Amino acid sequence: MKKIEAVIKPFKLDEVREALAEVGVTGLTVTEVKGFGRQKGHTELYRGAEYVVDFLPKVKIEIVVTEKMVDSAIEAIIKAARTGKIGDGKIFVTSVEQVVRIRTGETDEAAV
C-alpha cells in the first residue's frame with residue numbers, strides 16, 4: 001500500500017476530491033497548511049502599507065491506496081489540481097507498512 005500526500009491550492013480541493021472519488025478513493029484526510037516553494041511568498045498591500053506574506057495557504061490531502069490504484073489517483077490529482085501557474089503544489093508517495101481499522105480490527109487492504 002502507498003500513502004499519497006498532495007499539497008494543493010485551497011480552491012482546488014473540491015475538484016480534487018471529486019476526481020479521486022471517480023477513480024475509487026473512498027476516504028481522505030484534509031489539513032489546512034501553510035508553506036512556500038519556488039513562489040517564496042509575495043508582497044501585499046493592506047491599508048496603504050506593504051507587507052510580506054512568507055507562507056502561503058495550501059491544503060494537504062492524504063490518502064492511502066493499494067499499489068494498483070496509485071497511478072490513477074496521482075493522475076486524478078494532477079488533472080484536477082493543475083492551473084498551469086506557479087504554486088500548483090506537489091505530490092509525495094510513500095510506502096505504508098500496516099493499516100488497522102480501529103472499529104473492526106481489519107488490517108491492511110481490508111482496512112483501506
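Residues are numbered from 1 along each chain as its sequence is written, and side-chain values use heavy atoms, without hydrogens or water. As the model is predicted, local features need pLDDT of at least 70 and side-chain atom pairs count only at pLDDT 80 or more, while totals for chains, interfaces and linings use all residues.

Me: How far does helix 2 reach from its first C-alpha to its last?

Reply: Helix 2 covers residues 70–81, which makes 12 residues. Helices here are DSSP runs of H or I with at least four residues, strands are runs of E with at least two, and both are numbered from the N terminus. The expected span is 1.5 Å times one less than the number of residues. For helix 2 that expectation is 16 Å, and the reach is close to it, at 16 Å.

Me: Within what arc do the buried residues of helix 2 fall?

Reply: Buried means under 20% relative accessible area, exposed over 50%, and partly exposed in between (1.4 Å probe, protein chains only). In helix 2, Val-70, Ala-73, Ala-76, Ile-77, Ala-80 and Ala-81 are buried. The arc is taken from the directions between the helix axis and the C-beta atoms. Seen down the axis, the buried residues of helix 2 line one face, because they fall within an arc of 135°.

Me: Which residues are exposed on the other side of helix 2, and which elements do its buried residues pack against?

Reply: On the other side, Asp-71, Glu-75 and Lys-79 are exposed. Contact means heavy atoms within 4.5 Å. The buried residues of helix 2 pack against strand 1 (2–8), helix 1 (13–22), strand 5 (56–65) and strand 6 (89–95).

Me: Are helix 1 and helix 2 roughly parallel or roughly antiparallel?

Reply: Axes are lines fitted to C-alpha atoms, for helices over the stretch in contact, and angles run from 0 to 180 degrees between N-to-C directions. The axes of helix 1 and helix 2 come within 8 Å and cross at roughly 150°. Angles under 35 degrees count as roughly parallel, over 145 as roughly antiparallel, 65 to 115 as roughly perpendicular and the rest as oblique. The two helices are therefore roughly antiparallel.

Me: Which residues make the contact between helix 1 and helix 2?

Reply: Helix 1 contributes Glu-15, Val-16, Ala-19 and Leu-20. Helix 2 contributes Ala-73, Ala-76, Ile-77, Ala-80 and Ala-81.

Me: Within what arc do the buried residues of helix 1 fall?

Reply: Val-16, Ala-19 and Leu-20 are buried in helix 1. What covers them includes strand 1, strand 5 and helix 2. Seen down the axis of helix 1, its buried residues line one face, because they fall within an arc of 100°.

Me: Is Lys-12 buried or exposed, and what is it in contact with?

Reply: Lys-12 sits in the loop between strand 1 and helix 1. Its relative accessible area is 10%, so Lys-12 is buried. Leaving aside neighbours within four places in sequence, Lys-12 is in contact with Ala-80, Ala-81, Arg-82 and Thr-83.

Me: What is the phi of Asp-108?

Reply: Asp-108 lies in the segment after strand 6. Its relative accessibility is 31%, so Asp-108 counts as partly exposed. Most residues other than glycine have a negative phi. Asp-108 has a positive phi, near 50°.
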